[in-house]
Every structure is written in C-alpha cells, then in structure tokens.
Amino acid sequence: DRLADHQDTSHPPAKQAWFADDGTTGGKILQLKKFWDNLLNEGPKFGYYPNATKTVLIVKRIEDLPKARAVFKDTGVLVKIDGERHLGAVLGSEPFRDQYVSRKVSSWVKDIENLSEIAQEEPQIAYSAFSKGLSHRWSYIQRTISGISELFKPLEDSIRTKLLPAILGRQISDTEREMLALPLRFGGLGIQNPTLR
C-alpha cells in the first residue's frame, strides 16, 4: 500500500492498480519505463522485489511495438501486442481474450463429458460436483471478462445434451432446460445456462 502510494506521487500519469503483490500499470511507453525503473529502485525499500521475468508489457498499437521493445531492451520485461493472463482473467486484445476463453471452455466441456459418464451411475454425486465445484470454475471469468457469453455455447451444449440427460435419465426439452436453470427455491436445479450470465 505504501509502495503504491509512493509510485502514485512519483509518477502520477501512470495509472496503477494493485492486488497484494500483483501490480498493473497503464500509461504511455516512456511513463511505464520511468515507473518500472522507479519500482526497481524503490520497491526493495518497501519489501517489494520486482521480477522482470514475470512482468509483461502489452502494447495496444502494433506501430508502438518497436519503440516499446527498444525502450524496455535489456530489462527482461516481455513486450507483447496480443495479451496476457492476469489474476485469473485476461488483459489484451479481443482475439487474445476470445482464444483464452475458448481454451478454458474446451477444457470445461471435457470436464462436463467426464462428469456425464459419472452421472449415469451416480446422478446425485455428479449434480453435487457440478453445483458445488465445477460450475464455479467459469463464474469468475464471466464476472471479470465482459463480452464473452457467446463463447460459452459449446459448454451449454454439453450441459444440455450430455450432463442433464445423464442426471435425469432422459432427454429434456427447451422448456425443461429453462426450468432446470431456476434456483432450487423455485423448483429448478440451479444449473444455469452459461451463455446467459
């Protein structure tokens, strides 16, 4: 907190946000370089030791990439144009964001398929695993990254055509799918459609 306050007063044009020891800073390339140099010099006084190998500079415009690489040459900071994962979400371009989320969704689809196999023999266990664990894996990303609901269609398809039929022992209609998304107190199972969050 004291380090962030110190950085604010020494480099006010660079916007920054901190979560514990993870800092995020935005600004112009030369402002960011001054910020980085100051962080290297002042950080240890506050018990913060910057690690260039874990530091990424994301450049918004391709024409700024050569300048950014030149300014941050020999610092160990990775300079990129597309994006990077940050605190479980993603920062960067839309294509990078979409690729990141799509990879996550593909992984969760496989998890749903595995859970569907379990549900054929143990539907209550599969339902509990889904509602208490698996579904929370994507809820964080849905809260922190905007404009991604369409990327969850493969996940909803897997829930709709594999998991729910395995839990219930039969295929379901569109109306039943909507009802099953309702909270328990309203007669549903609370298995929400991830494309609607």
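Me: Does I191 count as buried, partly exposed or exposed?

Reply: This is a predicted model, in which local features need pLDDT of at least 70, side-chain atom pairs count only at pLDDT 80 or more, and totals for chains, interfaces and linings use all residues. Residues are numbered from 1 along each chain as its sequence is written, and side-chain values use heavy atoms, without hydrogens and water. Buried means under 20% relative accessible area, exposed over 50%, and partly exposed in between (1.4 Å probe, protein chains only). I191 has 0% relative accessibility and therefore counts as buried.

Me: Which residues does I191 touch, leaving aside those up to four places away in sequence?

Reply: Contact means heavy atoms within 4.5 Å. On that basis I191 touches Y127, F130, I159, L164, I167, R177, L180 and A181. I191 itself is found in the segment after α8 (174–180); helices are DSSP runs of H or I, at least four residues, numbered from the N terminus.

Me: Which residues of helix α6 are buried?

Reply: In α6 (residues 136–144), the buried residues are W138, S139, I141 and Q142. They fall within an arc of 170° seen down the axis of α6, so they line one face of the helix. The arc is that of the directions from the helix axis to the C-beta atoms. In general, an α-helix has 3.6 residues a turn, so residues three or four places apart point the same way.

Me: Against which helices do the buried residues of α6 pack?

Reply: They pack against α4 (94–121), α5 (123–134) and α7 (153–168). Y140 also lies in α6, but at 34% relative accessibility Y140 counts as partly exposed.

Note on methods
Helices (H or I, at least four residues) and strands (E, at least two) are DSSP runs, numbered from the N terminus.
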